[in-house]
Amino acid sequence: MAEENEDGQEKTESATPKRLEEARRKGQIPRSRDLSAAAVLMTGGVALSAMGGQIGGDLYALMRQGLTLTREQAMDPEQIVPMLASAGLDGLMACVPVLGLLLLAAILAPLALGGWSFSTESIMPQFNRLNPLSGIKRIFAMRSIVELMKALAKFGVVAVIAAMVLWKDASALLALGREPTAQAIMHAVSLAGSALILISAGMLVIAGVDVPYQLWQYAKQLKMTREEVRQEMKESEGSPEVKGRIRQIQQQMARQRMMQDVPNADVIVTNPTHFAVALKYDEKRMRAPIVVAKGVDLVAARIREIATEHSVPIFEAPPLARVLYKNVDIGGEVPSTVYVAVAQVLSYIFQLRTAKRAGTRPPPPPVVDVEE
């Protein structure tokens with residue numbers, strides 16, 4: 001059964017990338033304590049099995065050295081304090097390889113599941129956890145019951161393995177008292193390493209169950225309602241009203257830039273009232289004429305008005321105006337299918353300019369035929 005939020009809505013949707021990022025920023029990432037414990041135990045067992053002899057020998061030599069002090073050395077503070085400090089440092093250096101491996105395992109094991117995360121929010125005090133009612137609810141929550149079952153399972157596994165190790169190595173453990181001290185220490189370290197490896201193997205079985213459960217629990221906690229997903233999308237992409245207003249402003253700015261290019265056009269091809277398309281052609285810079293402005297109805301009327309104010313020729317060719325308006329974007333070249341028609345119009349406009357400058361009779365307008 002799906003969980004519900006405070007408003008009673010079911011959380012049926014998987015967490016979005018934004019929700020996952022916010023959770024990570026707050027320090028909420030999947031973690032498995034059992035995986036970390038198993039990794040540390042396994043590392044310690046392998047390290048003791050591999051380096052136990054060397055460590056045991058160093059500790060034995062250190063213990064023997066400490067038990068061979070003379071009475072004068074033991075009673076002289078100026079000698080005993082430096083000797084104790086030196087012995088402590090030697091003991092620490094003997095254990096450094098194992099301690100370093102344990103520290104490395106304790107760091108890398110959590111990274112294998114949830115990755116690295118450092119969050120200041122997770123270490124801030126949360127006073128809502130001091131509420132007794134909330135604490136009682138957490139005690140009897142399903143997660144607490146699962147954690148209790150896991151703890152009992154871990155106790156059972158460790159107890160069974162420990163009993164098996166003691167039963168199997170009972171004779172070896174009893175024989176330690178009859179062995180020479182140095183050999184007994186090395187043998188004891190080896191037995192401890194083997195026991196840790198066996199216990200960690202059992203913990204790995206528990207971790208194999210706990211890791212999928214923690215991932216499932218983490219995904220379940222971050223689930224969202226459909227309303228939360230819609231609200232997040234609205235916040236990320238903007239509400240329809242805001243996006244509509246932005247588009248409106250963009251269209252107005254584009255229209256203003258378009259109107260600024262109308263006075264530089266060579267001709268305005270019209271419908272004559274519904275469509276208006278402004279064309280410009282510079283044979284030195286352009287492969288073909290381009291559309292510098294276009295519009296319909298009120299925009300077309302404004303284009304014609306600006307063209308009249310700046311003495312830009314207006315040519316009525318309804319089929320050509322409709323084809324150019326529907327098929328060519330602003331700044332685009334006219335298609336090859338209308339090259340002949342556009343060339344007739346521009347040629348006529350250029351002839352008009354020449355006749356006006358020369359004071360001669362203007363040529364008759366061409367008949368433009370275009371298939372729509």
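1. Helix α2 (residues 33-66) and helix α8 pack with axes that come within 6 Å and cross at roughly 175 degrees. The two are therefore roughly antiparallel to each other; that label covers angles over 145 degrees, with under 35 roughly parallel, 65 to 115 roughly perpendicular and the rest oblique. Axes are lines fitted to C-alpha atoms, for helices over the stretch in contact, and angles run from 0 to 180 degrees between N-to-C directions. By class, the contact of α2 with α8 has 23 nonpolar, 11 polar and three charged residues. Ala, Val, Leu, Ile, Met, Phe, Trp, Tyr, Cys and Pro count as nonpolar; Asp, Glu, Lys and Arg as charged; the others, Gly among them, as polar.

2. A word on the basis. This is a predicted model: local features need pLDDT of at least 70, side-chain atom pairs count only at pLDDT 80 or more, and totals for chains, interfaces and linings use all residues. Residues are numbered from 1 along each chain as its sequence is written, and side-chain values use heavy atoms, with hydrogens and water left out.

3. The protein chain has 13 helices and four strands. Helices (H or I, at least four residues) and strands (E, at least two) are DSSP runs, numbered from the N terminus. Of the 372 residues, 30% count as buried. Buried means under 20% relative accessible area, exposed over 50%, partly exposed in between (1.4 Å probe, protein chains only). Contact means heavy atoms within 4.5 Å. Of the contacts with a separation of 6 or more, 73% join residues 24 or more positions apart.

4. Helix α8 (residues 181-221) also meets helix α6 (residues 142-168). Their axes come within 8 Å and cross at roughly 170 degrees. That makes α6 roughly antiparallel to α8. On the α6 side, the residues include V146, V157, I161 and V165. On the α8 side, they include L198, I199, M203 and I206. By class, the contact of α6 with α8 has 12 nonpolar, four polar and five charged residues.

5. L166 sits in helix α6. Is L166 buried or exposed? L166 is exposed, with a relative accessible area of 52%. Its C-alpha atom is 9.0 Å from that of A195, 29 residues apart along the chain.

6. S36, in helix α2, is buried at 18% relative accessible area. Leaving aside residues up to four places away in sequence, S36 touches A109 and P110. A105 lies in helix α4 (residues 77-114) and counts as buried at 10% relative accessibility. With the same exclusion of residues up to four places away, A105 touches A39, V40, T43 and P110.

7. Check the backbone at two loop positions. Most residues other than glycine have a negative phi. D297 has a positive phi of about 60 degrees although it is not a glycine. D297 is in the loop between β3 (290-296) and α11 (298-309) and is partly exposed, at 43% relative accessible area. S311 also has a positive phi of about 60 degrees without being a glycine. S311 is in the loop between α11 and β4 (314-316). At 65% relative accessibility, S311 counts as exposed.
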